Amino acid sequence: TTSSSSTTSTTTSVVAGDRTAPVVTLGRSTGSSGVATLTFTVTGNEPIVCSTLSGSEGVDFRFTRISRINSITQTSEDVCTISVQSTAEPGDTNPRESSLAAASTFSITDRAGNTQTTLSGSPQTIWVQRIARPVISLSATTETVNLNVAMNGYTVTSTGGSIASYSLTGTLPAGVSFSTTTGRITGTPTVTQTATTYTITATNISGSGTATFTLTVLQIPSCANGLAACVVGNEGPGGGIVFYVQAGGGTFACGLNLASTCKYLEAAPTNWNGAGGDPLRSWATDVNGNRTTLVAGAVREAIGSGYQNSVDAVNQTGNVSATSAPVLARSYAGGSKSDWYLPSYNELEQLRLWQVGNRDGFRDGWYWTSHNAAAGARVIWFPTGSTNGISDKHCECNPVRPIRAFG
């Protein structure tokens, strides 16, 4: 062999005609004594061929409290790195002496084909005392929490070895987070979810332990989400204000063809049509003479009948413009609801009675109902309650406030 050197490194290489076996030395890593995977090295004074070493026990190496060789890797031209598995089990209370030594048949070659059967520094020993795997439990394994309310959560108790980190299996709802340091799920959920089970895993160098936690997020029952009874003044499902509740918990006929039953009426909010308040509209557009034509179906007065009145008014010949009160009311879609309408006479009177103490942006003046006659359509004066009004259908002089029935 020949060598060249500088102030910072030395390079050893094989030259033609080399007949000298390499000098090889067994060493060990300075890794943790708490792991079961141990590392040893065979280092030569010139390039050696690691693939000539066997991983089978008794061929090149003898094991003491080592179960197997995991791998033999050529990590540089003159170093073989040997990974072995100690027999130390998690939670061993006494250290185990794991040794790697040359077998009687040890041999390794250099790149010139020279064989070395002597291994200096053999054996090499590492004392291994493995900590136990984590064993964890939670102070609570389930929780049901309301939407937008902070979780109580849980604490983690470990009776195994010290924990290096935590991980979570499962996707948490928005507003909730998981700590890889404490293993806790905490936060304030901002979306609902059905019962969902998460796996919390605690890990250390010896292994891992798990526990499960089930989280359910519910909406707080309210009139707006349909999970609680409504009272006058509540926000309704359409984003308006409940102004009528059927007495005694009863129901009234409502909807298309009055084929459904409802309990409540809500009015569109003040800004339902923008910042300008309730708009002034005509009841009919006077196309094909509908200004003075009776809409035969739109003559109902009862609570709940305004929806069908409005549908009939919208469907009258030529009345297709959003400038008409029924069309405008039916086109409103607040709260993603499509069942808003122009109130019947009795519905509008209930709305008038409610708004006397609440106002909620109502104008002073006649408001349209969905009840018509040949000469005009019925109106009610806000706020004082004149109830015998009939207004020319073509007059763009009366305001509109949509309502809807539900429940």
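I started with the hairpin: β20 and β21 make one, with two residues between them. For my strand and helix labels I go by DSSP runs, numbered from the N terminus (H or I, at least four residues, for helices; E, at least two, for strands). This is a predicted model, so I note that local features need pLDDT of at least 70, side-chain atom pairs count only at pLDDT 80 or more, and totals for chains, interfaces and linings use all residues. Residues are numbered from 1 along each chain as its sequence is written, and side-chain values use heavy atoms, with hydrogens and water left out.

**Entry 1: around β21.** I count two strands as paired if DSSP finds at least two bridges between them. Strand β20 (residues 193-204) runs antiparallel to β21, with 10 bridges. I looked up Q193 and found V217 of β21 opposite. β21 (residues 207-218) also pairs with β15 (residues 142-146), this time parallel, through five bridges. There, E143 has L215 as its bridge partner.

**Entry 2: the open sheet.** Next I traced five strands in the order β7-β8-β4-β3-β12, an open sheet with mixed pairing. β7 and β12 (119-120) sit at the edges with a single partner strand each, so one side of each has no neighbour in the sheet.

**Entry 3: cores.** My term here is a nonpolar core: buried Ala, Val, Leu, Ile, Met, Phe, Trp, Tyr and Cys residues joined through side-chain atoms within 4.5 Å. Buried is under 20% relative accessible area, exposed over 50%, partly exposed in between (1.4 Å probe, protein chains only). The largest core has 23 residues, and F40, V42 and F61 touch the most other members. Strands that each supply at least two of its residues include β3 (24-28), β4 (37-44) and β8 (79-86). Another core, of 21 residues, lies apart from it; F252, L265, I303 and F362 are among its members. I then listed contacts (heavy atoms within 4.5 Å). Leaving aside neighbours within four places in sequence, V42 is in contact with residues including L26, I48, F61, D78 and L119.

**Entry 4: R130.** I found R130 in the loop between β13 and β14 (136-138). The R130 side chain does reach the backbone oxygen of A88, at 3.1 Å.

**Entry 5: N204.** This one is in strand β20, and N204 counts as buried at 7% relative accessibility. Its side chain has a polar atom 2.8 Å from the backbone oxygen of A132, and a polar atom of the N204 side chain is 2.9 Å from the backbone nitrogen of S206. I also checked C-alpha atoms: N204 and I163 are separated by 5.2 Å, though 41 residues apart along the chain.

**Entry 6: helix α3.** Last, I looked at α3 (residues 345-355): eight of its 11 residues are buried, so the rest of the structure largely encloses it. Y345, L348 and W354 are among the buried ones. The buried residues of α3 pack against elements including α1 (306-314), β27 (365-373) and β28 (376-382).

Methods. A polar contact is a pair of N or O atoms within 3.5 Å; within protein, one must be able to donate a hydrogen and the other to accept it, and residues adjacent in sequence count only if both atoms are side-chain atoms.
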